[in-house]
Amino acid sequence: MDGLPMEAYASWIRRVAAYLIDHMLGLAIGVALGIVGGLIVAWAGGGARLQGVVGLIVNLAMLAYWVWNWGFRRGITGSTVGKSVLKFRVLSERTGAPIGVGSSIGRYFAHILDAITFDIGYLLPLLTAKRQTIADMVMDTVCLLDEPPQVPSSRQPRPRPRMALGVVVLAIAAMLTVLACLNTTSHWVCTGGGRYPHCGPQVSVGPISYGAPKVFDPYVQAALVTPLWTAGIFILRRYYRATYVLVPIAGIVSTTVFAQGRYEWGWRHNWFAFLACVGVTTAVCVLIARSITRSVAARRA
């Protein structure tokens, strides 16, 4: 490993992107299991004991994902899901082989040393010759790139069908963004009044009134608008194909932040906050994709 150039090791931005993929996948699994568990509890009529059992199952499933991804998978193959997507592996600096399950789990907790140094340890790959964090130095590991596939340069002429598809996707994203802003600040999308004008016309069945749902639910907007902007830019810029995994991640992050903001930070009728959430999430994904594409294209050249 001592004779390899710095370019043979995974860059800091690539490692950050892999970290985000792994943790966003875990978040998506947790959210999906929580929704399924909530539906099961509601179907069974609730109950504290059943809620506790469902919560325990969700937590055990998340623990199983963590052990599989950061323990077995990385220990045996050298790659977590995120590292596989971005084409690099964690290997022993001395042997060049995967480090094993026990050492892989130990390396995960060794990152505490990077955190307690005011996160300076996480920035060391920007400065060290082998792009190592403190945890890498303690565990004698390096993040080594796989052989990258042929990647088209972003400066090559773009086919017309691809440009047309990108324009269509961006147009849809722009339309949904406008509708989202109008829906956030007004009730014009509702078709009726009644006791709850925000929810549409009322239908009474005995003593109970049911409101028609809004046409454009805020969570649907948050889940669709950001991925569409991200995908449209990726298509037009012709970024490296592996970076398209950031599109669903953008939706998950944007939805999570938007949900937190609506109920915790007072964003309920603030379309500036919605646009900021969409813009920042999209910009971060585009910067990551741009950096990865340029890095891979440069190595191929």
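How far apart do the end C-alpha atoms of residues 243-259 lie? In this predicted model, they are 25 Å apart. The span is 82% helix and 0% strand. UniProt, in an unreviewed entry, lists residues 243-259 under "transmembrane region". Over residues 24-44 the chain is 95% helix and 0% strand. The end C-alpha atoms of that span are 30 Å apart.

Helix 4 covers residues 101-110. Its residues Ser 104, Arg 107 and Ala 110 are buried. These residues lie on the same side of helix 4, because they cover an arc of only 115° around the axis. The buried residues of helix 4 pack against several elements, including helix 1 (12-43), helix 2 (48-77) and strand 1 (88-92).

Aromatic rings form eight pairs in the structure. One of them joins Tyr 65 and Trp 68, with ring centres 6.4 Å apart. The planes stand at 45°, so this pair is tilted. Tyr 65 and Trp 68 are three residues apart in helix 2, and are therefore separated by about one helical turn. Tyr 65 has 9% relative accessibility, so it counts as buried. Trp 68, at 43%, is partly exposed.

Another pair is formed by Trp 70 and Tyr 108. Their ring centres are 5.6 Å apart and their planes meet at 65°, so the pair is edge-to-face. Trp 70 belongs to helix 2 and Tyr 108 to helix 4, so the pair ties together parts 38 residues apart in sequence. Trp 70 is buried at 7% relative accessibility, whereas Tyr 108 is partly exposed at 24%. Ring pairs link Tyr 65, Trp 66, Trp 68, Trp 70, Tyr 108 and Phe 109 into a cluster.

Definitions and conventions: Residues are numbered from 1 along each chain as its sequence is written. This is a predicted model: local features need pLDDT of at least 70, side-chain atom pairs count only at pLDDT 80 or more; totals for chains, interfaces and linings use all residues. Side-chain values use heavy atoms; hydrogens and water are left out. Buried means under 20% relative accessible area, exposed over 50%, partly exposed in between (1.4 Å probe, protein chains only). Helices (H or I, at least four residues) and strands (E, at least two) are DSSP runs, numbered from the N terminus. The arc is that of the directions from the helix axis to the C-beta atoms. Contact means heavy atoms within 4.5 Å. UniProt positions are given in the numbering used here, feature names are shortened, and annotations may be inferred rather than shown by experiment. Rings of Phe, Tyr and Trp (its six-membered ring) pair if their centres lie within 6.5 Å; planes under 30 degrees apart count as stacked, over 60 as edge-to-face and the rest as tilted.
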